[in-house]
Amino acid sequence: MRSARGPKEDTLKTNNLAPIATLALASMLALPGCKSCTAPAVGSAGSDAAVVTEGSAAGSEAEGSEAASAPVDAGNATPGSSLQAGAEMTGESYTLAGCTVTLPAAWAGKVTVAQADGSLTVRASAYPSETVCTVYTAAADEVGTGDESNALISQTDLGDGRALCVMATNYSYVIPDARYNGADLYSDDEAAALLDLTTGGVVTADELDGLYYDYQNTGTLDPKLNATADYLAANLSVAH
């Protein structure tokens, strides 16, 4: 049986990657699920090279502000084909490393998508410190499998020795893990909102509390404790 995790580090409360408040976009950070791969660290949503507000139509025009004149480097992600640095766009499909990453349609208006140095970071709009998932490239032979807290949702071979990885915070495990260990990290409202966003509302925090308690006492991991990972695997697509 896997032992219970420490409340702060293992639940990855701050940006779910590392407890660092501000990072230069050029800094590098080891990602969960990778044995030795690295990807650009992402700071707060307001400090990224471009922050994209998720909406309903990929490649829509900017709303409320005029796009900057210099287009984003082709190596970075763009919604549709027209994202420009600093623009706020609506859209659900993004290009990254020659792949099209399509977010769940139900996330429209509920997440922000930030790009930095060729990676995407998806955060909950209502709780911007919460990283739902990160899309990044890594050496194909150095991608790990993730764990209960950080789920490797997909690994797409890019054909050049690299892979495009999607790593998600498995809130259906992280939230009851924190509550079981007495960590006051998620209010009832926050837990409900994050679970609704990342599981499609198929499970509640109270139900997960009971399942996590059983897991700690029997060693049997109920599939609902992986509801977030299953939801993202079924609803977030990567096409190469």
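The chain contains 4 helices and 12 strands, where helices (H or I, at least four residues) and strands (E, at least two) are DSSP runs numbered from the N terminus. The model is predicted: local features need pLDDT of at least 70 and side-chain atom pairs count only at pLDDT 80 or more, whereas totals for chains, interfaces and linings use all residues. Residues are numbered from 1 along each chain as its sequence is written, and side-chain values use heavy atoms, with hydrogens and water left out.

Of the 240 residues of the chain, 48% count as buried; buried means under 20% relative accessible area, exposed over 50%, and partly exposed in between (1.4 Å probe, protein chains only). Contact means heavy atoms within 4.5 Å. Among contacts between residues at least 6 apart in sequence, 62% join residues at least 24 apart.

The axes of helix H1 (residues 171-180) and helix H3 (residues 205-218) come within 9 Å and cross at roughly 75°. Axes here are lines fitted to C-alpha atoms, for helices over the stretch in contact, and angles run from 0 to 180 degrees between N-to-C directions. H1 and H3 are therefore roughly perpendicular to each other, a class that covers 65 to 115 degrees, while angles under 35 count as roughly parallel, over 145 as roughly antiparallel and the rest as oblique. On the H1 side the contact includes Tyr173 and Tyr180, and on the H3 side it includes Tyr212, Tyr213 and Tyr215.

The aromatic pairs number 6. Rings of Phe, Tyr and Trp (its six-membered ring) pair if their centres lie within 6.5 Å; planes under 30 degrees apart count as stacked, over 60 as edge-to-face and the rest as tilted. Tyr173 and Tyr215 form an edge-to-face pair, at 6.3 Å centre to centre and with 70° between the planes. Because Tyr173 lies in helix H1 and Tyr215 in helix H3, this pair ties together parts that are 42 residues apart in sequence. One aromatic cluster is formed by Tyr173, Tyr180, Tyr212, Tyr213 and Tyr215.

| Residue | Relative accessibility |
|---|---|
| Tyr173 | 0% |
| Tyr215 | 4% |
| Cys99 | 0% |
| Cys165 | 0% |

The whole structure holds 0 disulfides, a disulfide being a pair of cysteine sulfur atoms within 2.5 Å.

In helix H4 (residues 227-235), the buried residues are Ala227, Thr228, Ala229, Tyr231 and Leu232. The buried residues of H4 pack against strands S9 (131-139), S10 (150-157) and S11 (162-169), and also against H1 and helix H2 (188-199).
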